[in-house]
Amino acid sequence: MVNSYFHYEVIVVGAGHAGAEAAWAASIMGARTLLITMNLNTIGQMSCNPAIGGIGKGQLVREIDALGGLMGLVTDQTEIQFKMLNRSKGPAVWSPRAQSDRMAYALSIREALEQLPNLFMRQDMATEILSEGGRVQGVRVQTGQSFFAPTVILTNGTFLNGTIHIGDNQYGGGRSGERAATGLTASLVKLGFEVGRLKTGTPPRVDGRTINYAAMEEQKGDPAPRPFSFMTDALPNETRSCWLTYTSLSVHEMLRTGFDRSPMFNGTIGGRGPRYCPSIEDKINRFADKDRHQIFVEPEGLNTHEVYVNGFSTSLPEDVQFHALRLIPGMENVHLLRPGYAIEYDYFPPYQLRYSLETKRIEGLYFAGQINGTTGYEEAAVQGMMAGINAVQKLSGKDPVIFDRSRAYIGVLVDDLVAKGTDEPYRMFTSRAEHRLTLRQDTADLRLTETGYRLGLASKERLVRMQQKKAALEATLYHLRAINAQPEAVNAYLESVGTAPIQTPTRLERLALRPQVVVSDLLMAMGIYDTVVTPVAGMENTAELAEIEIKYAGYMEKERELVGLSVEKERWTIPDTFNFTEVKNITLEAREKLSKVRPQNLGQASRISGVSPADISVLMVLLRKYRPGSALPPEA
């Protein structure tokens, strides 16, 4: 009889945001899962900033939640401030972001995972991938023990051969105070995987009791905060403000005194860092014409004085960090709790993955998170969830779950990684999604919850809530299209918002098209809000949803037309046996890139840098005639 202690259906290595979501998804879907982490006390830890969401990232969190994932629920439980970013722009780019209590967040993640009967944990370091005949068999850990499973998910974050840099000092570590993970990279290279090196960084943490907040600008959260989870009925009452201050020329001059000892500038760091989250030394070097840069002072939690200095990521010597901080308004007497640092770590270029996040080289082995070259909690979490889902799908002999770019930001993220690859830390933005009006954060449940329910990840209650929301939205739209507004009932409101009064009865839908009109305010002014808007569970605003549907109907129709054109290419699958090197009618660059990435369909092939529309046309002709195992047609 197989000893169940050593045998599982899914093994997840790493318990950060990717690992937590992978273990959650696999366990909820019924797989017997082992979660291996180097430290059980740091499960779900927020390694960098104490916040979830942001531009593009907030959309990912809402999609995680819509499918039945964990991150949105825990964010709501531990939230201390909420903001909807980009409200001054169109709804396609509205992005939720929440400050969380760092310690409470990690504790809540662990508590949620420990409640799962199918999930087992082990504190240890995975050092070797066990495989046979191109299939994964399990992992060997530092203590010499082997654990076996037909599917393994690696979510190692920045721990693979991690090196921390602070000025002239370098030492091994996965993050401050924790050792690096060794052995696993060598095991994967031995199996034939290509490895690269990336870099990220984090700012200093300081004692809030030594900050003069009166010299800074207070940044309060939204007065009517919204939840990340579609299942949240109420948010915590206790909140905290963030604070805004600025660097100055004197701060920049102090920072420059450490450039000769900076690992970024003296060649010590070889890995590429995140383009959109540069260190403070990189900012003042690249943007020398700027007199100042924003610094956001963010609380780490309700029961700590520790403060995160957002915008001051650095690997400069500690003495330079300290003296520069004390030149920032409000920080003249600041006490440094933890210096900022940079960290280099191993990653595996993601062209080596299938869209399911399973590796092409070893069947049953999945990569998720920073091991694939991404940066950020949210990008990691969504990959972990999809790897967990697809590992269970594989166990059941079912097709993997793959979202295309027109259905979810998840699809955009995975497609960008697999089709394009990355040689720098990848970060999600709304600008990466060509269908972002369709993929708004407020429609994530309408797009994805039914899928989550069919998979066994989303609950029946979650499905019912989504169905109620959908019905309420349709009812609200029906009323807006059916009810005529009388001039005497609406003209006072229309004039108050700076738009022309009406002379004859006018459909509410026509009034909703006016940019100055807010539908909920219009209905309130008419005294018919409760008649038109059906209440739903949670904190959803179906009046706002209906308004967006009406105002942007034309744009969304154009997006749907574009989706139809792109979906056609996705249907053209490319067999694994297709030999791109034999295709002589496409460019040499295209042959090389296609052979390296091994795209699964024409849509993916068309998004690879160096592959032209003419190359795609040639491939389309060949694929019409291609039969696996046969030679290519003569026109190749």
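Helix α13 (residues 487–496) packs against helix α15 (residues 519–526) at an angle of about 135°, and their axes lie 9 Å apart. Here axes are lines fitted to C-alpha atoms, for helices over the stretch in contact, and angles run from 0 to 180 degrees between N-to-C directions. Helices (H or I, at least four residues) and strands (E, at least two) are DSSP runs, numbered from the N terminus. The model is predicted, so that local features need pLDDT of at least 70 and side-chain atom pairs count only at pLDDT 80 or more, while totals for chains, interfaces and linings use all residues. Residues are numbered from 1 along each chain as its sequence is written, and side-chain values use heavy atoms, with hydrogens and water left out.

The angle makes α13 oblique to α15; angles under 35 degrees count as roughly parallel, over 145 as roughly antiparallel, 65 to 115 as roughly perpendicular and the rest as oblique. The crossing of these two helices is right-handed; a crossing is left-handed if the near helix is turned anticlockwise from the far one by less than a right angle, and right-handed if clockwise. Contact (heavy atoms within 4.5 Å) is made by Ala489, Val490 and Tyr493 of α13 with Asp521, Leu522, Ala525 and Met526 of α15.

A second pair is formed by α2 and α9, which pack at an angle of about 30° with their axes 9 Å apart. These helices are therefore roughly parallel to each other, and their crossing is left-handed. Lys57, Leu60, Val61, Ile64 and Leu67 of α2 meet Glu378, Glu379, Ala381, Val382, Met385 and Met386 of α9.

Helix α2 (residues 57–67) is largely enclosed by the rest of the structure, because 11 of its 11 residues are buried. Buried means under 20% relative accessible area, exposed over 50%, and partly exposed in between (1.4 Å probe, protein chains only). After α2 comes Gly68, which has a positive phi, near 105°. Helix α3 (residues 71–78) is mostly covered, with 6 of its 8 residues buried; Met71 and Val74 are among them.

In soluble globular proteins, nonpolar side chains tend to be buried together. A nonpolar core is a set of buried Ala, Val, Leu, Ile, Met, Phe, Trp, Tyr and Cys residues joined through side-chain atoms within 4.5 Å. The largest such core has 99 residues, and those with the most contacts inside it are Ile11, Leu113, Leu154, Leu365, Met385 and Ile410. Helix α9 (residues 377–395) supplies the largest share of this core, 10 residues. Apart from it lies another core, of 24 residues, including Ile502 and Val533.

Thr449, in helix α11 (residues 444–455), counts as buried because its relative accessibility is 1%. Its side chain reaches the backbone oxygen of Ala66 at 2.8 Å. Beyond residues up to four places away in sequence, Thr449 touches residues including Ala66, Arg462 and Met466.

Arg122 is found in strand β6 (residues 119–123) and, at 18% relative accessibility, also counts as buried. A polar contact is a pair of N or O atoms within 3.5 Å; within protein, one must be able to donate a hydrogen and the other to accept it, and residues adjacent in sequence count only if both atoms are side-chain atoms. The side chain of Arg122 makes such a contact with the side chain of Tyr5 at 2.8 Å and with that of Thr143 at 3.0 Å.
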